[in-house]
Amino acid sequence: MAFLDYYNVLGLDKSASQDDIKKAYRKLARKFHPDLNPNDESAKKKFQEINEANEVLTDPEKRKKYDQYGENWKHGEEYEKAQQDYARSRGSRSSGSAGQNPFEGFDFNNYNGNYDTGEYSDFFEDLFGSRFGGGRSSGKRGSYRGQDYETQVELTLLQASQTHKQTFTVNGKNIRITIPAGVEDGQKIRLKGQGADGVNGGPNGDLYITFSIKPDHRFNRRGNDLYTHIDIDLPTALLGGETIVDTLTGKINVKIKPETQNGSKIRLKGKGFPIYKKDGDFGDLYAEIQVKLPTNLTADQKNIVEQLADSLK
Amino acid sequence: MEKTLFRVIDICKTNNIEYTFVHELHSNGLIQIIVQEEQEYLEEEQVYHVERYSTWHYELDLNVQGIEVVSNLIDKIEDLQRELKALKLEK
């Protein structure tokens with residue numbers, strides 16, 4: 001898909017607020033919506049552009065990347081990651097301090113990494129395909145596209161972390177699907193043709209499945225990273241030691257540095273959530289340290305603490 | 001031929017539409033609701049209309065009166081397009 005200046009498409013400049021974007025989108029959508037412009041291919045194309053612009057600019061994360069990388073925004077994350085990896089390999093703290101930028105001349109247009117160039121277009125095909133098709137197949141009166149079905153599938157965090165198959169019944173139809181590891185709460189997928197049957201030769205409707213991920217008592221998920229708490233005792237916090245941390249796949253031993261502060265976080269690389277459709281890639285697990293203070297101290301122990309307090313003055 | 005009927009409450013649920021919106025469409029003569037044994041149903045073609053109108057309402061921010069005006073104008077455009085096509089074929 002050719003590069004689109006999303007701000008230009010919506011007639012806005014880069015300083016536009018979310019409200020400006022919403023208003024501009026609504027105004028243009030009313031003008032170019034395919035329903036309101038029957039048999040007008042140019043309106044349909046224009047509406048696709050407006051929708052794409054709206055999708056990107058109303059999503060703060062996508063907008064940030066778009067503002068930062070412009071035409072190459074879809075590969076921005078990969079670029080950043082590669083740049084960070086390079087900086088690390090050079091022992092540099094900042095990517096710019098290495099002196100030489102290894103990515104000069106890197107052609108994002110030919111980049112063929114994890115971002116499938118077709119992915120975003122598929123997304124729009126998903127978005128527009130069923131709507132532009134409308135309920136009625138073209139030119140054939142009395143022929144209707146089958147109704148779309150929507151359903152919700154509830155998963156535990158553990159289930160969402162593993163690729164697995166699930167069978168469920170939608171309107172009397174049994175459907176078995178493979179749920180890839182890493183699905184997100186609220187993520188919607190479309191199963192083409194799995195909705196109601198078409199009428200008089202019309203195409204079948206689609207089935208939309210929304211995943212709902214139940215909260216987990218051990219882990220909080222933010223994107224692909226997981227967050228948990230670990231309790232350590234005061235001597236371990238002060239003098240260092242080891243503790244056991246629960247991960248999604250089991251327990252691991254973690255070293256605690258001497259003088260670890262309460263509330264500090266330990267990052268366990270690659271022990272987070274599996275990344276959707278990127279086999280073998282995982283987010284990180286962040287364990288927040290909670291120092292448990294001893295209670296019911298004896299007189300001797302209080303005395304020792306007082307001595308410690310005095311020595312720290 | 002027996003017509004397929006869809007319960008209004010199911011259509012509202014699957015399309016995330018307010019029940020009152022469907023009733024407003026009905027009150028303004030934009031769709032027809034069939035009542036059978038105290039249950040409200042829509043014929044398949046009416047479901048298509050409800051889905052279309054709900055897109056206009058929720059995505060384009062059109063109220064029911066606006067939907068009625070737009071719907072009438074689109075019918076006229078489609079009639080004119082058909083007429084134009086027929087005239088072109090005659091030539």
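Predicted model: local features only at pLDDT ≥ 70, side-chain atom pairs only at ≥ 80, totals over all residues.
Residues are numbered from 1 along each chain as its sequence is written, and chains are lettered from A and ligands numbered from 1 in the order in which they are written.

So, chain A. We get nine helices and eleven strands; those are DSSP runs, H or I with at least four residues for helices and E with at least two for strands, numbered from the N terminus. Chain A has 313 residues, and 18% count as buried, meaning 20 or more other C-beta atoms lie within 10 Å of the residue's own, with C-beta atoms placed from the backbone.

Now the sheet. In chain A, four strands make an open sheet in the order β6-β7-β11-β10, with mixed pairing. Pairing here takes at least two DSSP bridges between two strands. At the edges sit β6 (220–222) and β10 (265–268) of chain A, each pairing on one side only. Strands β6(A) and β7(A), the latter covering residues 225–233, run antiparallel and share three bridges. One to click on: A:Asn220 has A:Tyr227 in β7(A) as its bridge partner.

Over to the interface. There, 16 residues of chain B are in contact with 16 of chain A, where contact means C-beta atoms, placed from the backbone, within 7 Å. On the chain B side, α3 (44–60) and α4 (64–90) each supply at least two residues, and α3(B) gives the largest share, nine residues.

Technical notes
Buried ≥ 20, exposed ≤ 12 C-beta atoms within 10 Å, placed from the backbone. Contact = placed C-beta atoms within 7 Å.
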